[in-house]
Amino acid sequence: MEKIQTPRFLNLIKQQKQILKNWQYLNRLTLQRNRIVTMEKNARTRTLIQLGGLLVKSGLVDYVGIPIEVDLENSPEHKDKAYELLKILDRSLKRETRITSLKKGT
């Protein structure tokens, strides 16, 4: 029995179909990755907003005199107040760390 040879153009068509499938698969993976990255960015943004809300609720924002409606990045006179808030948080963390290490040492 003779082996039937497929014409060369049929092989090319098969290859083109496979290339198309590969491109579709790559596009699906890219879209999936982009969705995950977007979800992670949204989660980070949501967390930062929640942390800002906690600072407001704690009273620290009012204590240093930062108005909520001011953009700290574009307001040089309020940047000093933001640095003051950061110093308060930093001192508080260092104090808490010292207290914890003292408790562990006893």
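How does Val-56 count at 32% relative accessibility: buried, partly exposed or exposed? Select Val-56 and take a look: it counts as partly exposed, because its relative accessibility is 32% (buried means under 20% relative accessible area, exposed over 50%, partly exposed in between, with a 1.4 Å probe and protein chains only).

Before you click on, a word about the model. It is a predicted one, where local features need pLDDT of at least 70 and side-chain atom pairs count only at pLDDT 80 or more, while totals for chains, interfaces and linings use all residues. Residues are numbered from 1 along each chain as its sequence is written, and side-chain values use heavy atoms, with hydrogens and water left out.

**Stop 1: the whole chain**

Show the chain as a cartoon. You'll find three helices and zero strands (helices are DSSP runs of H or I with at least four residues, strands are runs of E with at least two, and both are numbered from the N terminus). Going from the N terminus, the order is α-α-α. Now zoom out: the C-alpha trace spans about 90 × 45 × 20 Å along its principal axes. The chain has a radius of gyration of 30 Å, whereas a compact globule of 106 residues would have one near 13 Å (taken over C-alpha atoms; the globule rule is 2.2 Å times the number of residues to the power 0.38). Buried residues make up 7% of the 106 residues.

**Stop 2: helix H1 and what comes before**

Select Pro-7, in the segment before H1. Pro-7 has a relative accessible area of 34%, so it is partly exposed.

Next, select H1 itself, residues 8-58. Leaving aside residues up to four places away in sequence, Val-56 touches Val-61 and Ile-68 (contact means heavy atoms within 4.5 Å). Val-56 and Ile-68 are twelve residues apart in sequence, and their C-alpha atoms are 8.4 Å apart. Just after H1, click Gly-59, which takes a positive phi of about 90°.

**Stop 3: helix H3**

Jump to H3, residues 76-105. Its 30 residues should span 44 Å at 1.5 Å a residue, which agrees with the 44 Å between its end C-alpha atoms. Which residues of H3 are buried? They are His-78, Leu-85 and Ile-88, and they pack against H1 and helix H2 (60-64).

His-78 is buried because its relative accessible area is 12%. Not counting residues up to four places away in sequence, His-78 touches Gly-65, Pro-67, Val-70 and Leu-72.

**Stop 4: the largest pocket**

Last stop! The largest pocket has a volume of about 380 Å³. Of the 15 residues that line it, select the closest to its centre: Leu-55, Val-61, Ile-66, Leu-72 and Leu-85. (On a 1 Å grid over the protein atoms alone, a pocket is an open set of points where a 1.4 Å probe fits, with protein on both sides within 12 Å along at least five of seven lines; lining residues have an atom within 4 Å of a point. Points are joined across faces, edges and corners, and the volume is the space filled by probe spheres set on them.)

H1 and H3 each supply at least two residues of the lining, and H3 gives the most, with four. Colour the lining by type and you get twelve nonpolar, one polar and two charged residues (Ala, Val, Leu, Ile, Met, Phe, Trp, Tyr, Cys and Pro count as nonpolar, Asp, Glu, Lys and Arg as charged, and the others, Gly among them, as polar).

Definitions and conventions:
The expected span of a helix is 1.5 Å times one less than its number of residues.
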